[in-house]
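Visitor: Hi, I've got a structure open and would like to walk through it with you. Can we start?

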Amino acid sequence: MTDQDFPSFFRLTLDGENHQVPLEKGSTLLQAALAANIDAPYNCGEGKCGCCLALLRSGQVSMAVTRALSKRNRERGKVLACQSIPVSADPLWLDFDQ
Amino acid sequence: MKLGSIESIWRYPVKGMRGEELPHGYASFAGLMGDRVYGLVAGDGDPGFPWHTAREQEEFVLYKARFTAPDNLLLPDDLDAYEEDGIGVKPLEPADEVHAVQVETPTGKSYDIQDPEFLAHLERASERRLKLIFSQKGQQDCRPLSLFSLSAAAQLSADTGLSVDKRRFRANFYVEWENQEDPYFEFSLVGKNLQIGDRLQIAIVERDPRCKMITLDPDTAEETPKLLQYVSRKLGGDAGVFAAVLREGRVKKGDPITLL
């Protein structure tokens with residue numbers, strides 16, 4: 001993915017509200033949400049507690065640590081926001097309400 | 001000063017599996033006798049937390065583990081003699097063979113926990129290499145005892161709109177506080193020492209940081225992330241408290257909890 005292709009925003013759903021969140025290359029989706037002053041849920045920030053579990057409705061991410069992500073979570077399209085870094089130019093949509 | 005009382009006592013023979021309620025028990029420096037004496041370590045587990053739990057396999061909370069001789073693990077033998085001795089000698093733990101456990105799978109099949117077929121079943125179900133670990137000293141995550149109040153469960157239910165079953169929090173002691181103002185009263189006890197019943201004394205050492213385990217319905221293993229999200233955003237990620245044992249002793253349902 002080139003810098004030009006890198007998505008500059010992603011959509012985040014939390015408490016029934018949709019946000020357009022600015023995204024900087026190298027940031028996780030959680031870091032981007034917190035930088036945008038969104039009260040996103042998280043605890044350890046290390047992929048271990050599962051607090052930032054969310055449904056990735058569209059887009060693709062890579063995750064370095066996925067300890068709290070079960071096989072069932074993966075099959076249901078869940079990701080850990082604290083570990084998620086975009087790896088495609090596809091529009092990203094992260095939903096904490098599902 | 002009485003702060004509250006013990007509503008129920010729970011132990012978890014196998015770390016991560018369903019717990020069992022006890023009429024009474026014995027809290028040693030290592031925790032409630034029989035609590036988390038078995039656990040399963042994953043070959044691909046994090047070196048810092050190698051345990052296989054319901055974080056990796058949600059249905060793990062549906063496995064029912066029970067001691068085949070449960071009464072023998074409620075109190076140490078000759079406890080009266082130890083307590084009368086007066087110098088606080090630690091009672092002998094029951095022998096290893098007294099800790100025999102049967103596990104019932106979610107589909108109703110029962111295994112002896114030491115049966116290699118049981119490990120093979122779990123490895124197939126979890127798609128992981130697992131190793132059974134036994135230790136008479138409990139294999140709790142952080143501290144020997146955990147407490148959680150019914151008022152906290154009720155407040156979480158009210159605030160989230162969920163019906164929050166206390167068992168999600170996998171505490172050893174569920175408590176009812178006299179304090180009706182603060183539903184999370186146990187947080188205010190961090191750093192304080194308490195007596196439970198006639199002899200047991202504990203120190204409340206820290207708040208209990210929570211993970212995915214509380215999102216799992218103890219009867220269905222279905223996940224409700226909203227509960228952990230709420231705990232994270234409104235309670236700093238914590239629910240309930242951890243305790244260390246200062247003086248070993250018996251504990252029974254209804255015991256008063258007093259401030260030392």
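Visitor: Which residues of α3(B) are buried?
Guide: This is a predicted model, so keep that in mind throughout. In α3(B), the buried ones are B:Ser151, B:Ala152, B:Ala153 and B:Leu156.

Visitor: And what covers the buried residues of α3(B)?
Guide: The cover includes β11 (145-149), β12 (173-177), α4 and β15 (238-247), which belong to chain B.

Visitor: Let's take α4(B), then. At what angle do α3(B) and α4(B) pack?
Guide: About 105 degrees, and the axes are 11 Å apart. That makes α3(B) roughly perpendicular to α4(B).

Visitor: Which residues meet there?
Guide: From α3(B) you have B:Leu156, B:Asp159 and B:Thr160, and they meet B:Lys226, B:Leu227 and B:Tyr230 of α4(B). By class, the residues of that contact are 3 nonpolar, 1 polar and 2 charged.

Visitor: What follows α3(B)?
Guide: B:Gly161 does, with a positive phi near 75 degrees.

Visitor: Now sheets. What is the strand order in the open sheet of 3 strands in chain B?
Guide: The order is β6-β5-β10, and the pairing is antiparallel. β6 (49-51) and β10 (130-134) of chain B are at the edges with a single partner strand each, so one side of each has no neighbour in the sheet. From one strand to the next, the twist averages 45 degrees.

Visitor: Which helix packs on that sheet?
Guide: Helix α2 (residues 116-126) of chain B, which touches β5 and β10 of chain B. The direction of α2(B) makes about 130 degrees with that of β10(B).

Visitor: How many bridges pair β5(B) with β6(B)?
Guide: 2 bridges, in the antiparallel sense. In one bridge, B:Asp46 partners B:Phe49 of β6(B).

Visitor: Over to chain A. Which residues touch the most other members of the largest nonpolar core?
Guide: A:Cys52 and A:Ala81, in a core of 88 residues. Beyond its neighbours within four places in sequence, A:Ala81 is in contact with A:Cys52 itself, and with others including A:Leu29, A:Leu30, A:Ala54 and A:Leu94.

Visitor: Last one: why does A:Arg57 count as partly exposed?
Guide: Because A:Arg57 has 14 C-beta neighbours inside 10 Å. A:Arg57 sits in strand β3 (residues 53-58) of chain A. Leaving aside neighbours within four places in sequence, A:Arg57 is in contact with A:Trp93 and A:Asp95. A:Arg11 is 46 residues from A:Arg57 along the chain, and their C-alpha atoms are separated by 9.6 Å.

Conventions: Residues are numbered from 1 along each chain as its sequence is written. Chains are lettered from A and ligands numbered from 1 in the order in which they are written. This is a predicted model: local features need pLDDT of at least 70, side-chain atom pairs count only at pLDDT 80 or more; totals for chains, interfaces and linings use all residues. Axes are lines fitted to C-alpha atoms, for helices over the stretch in contact, and angles run from 0 to 180 degrees between N-to-C directions. Helices (H or I, at least four residues) and strands (E, at least two) are DSSP runs, numbered from the N terminus. Angles under 35 degrees count as roughly parallel, over 145 as roughly antiparallel, 65 to 115 as roughly perpendicular and the rest as oblique. Two residues are in contact if their C-beta atoms, placed from the backbone, lie within 7 Å. Ala, Val, Leu, Ile, Met, Phe, Trp, Tyr, Cys and Pro count as nonpolar, Asp, Glu, Lys and Arg as charged, and the others, Gly among them, as polar. Two strands pair if DSSP finds at least two bridges between them. A residue is buried if 20 or more other C-beta atoms lie within 10 Å of its own, exposed if 12 or fewer, and partly exposed in between; C-beta atoms are placed from the backbone. A nonpolar core is a set of buried Ala, Val, Leu, Ile, Met, Phe, Trp, Tyr and Cys residues joined through C-beta atoms within 7 Å.
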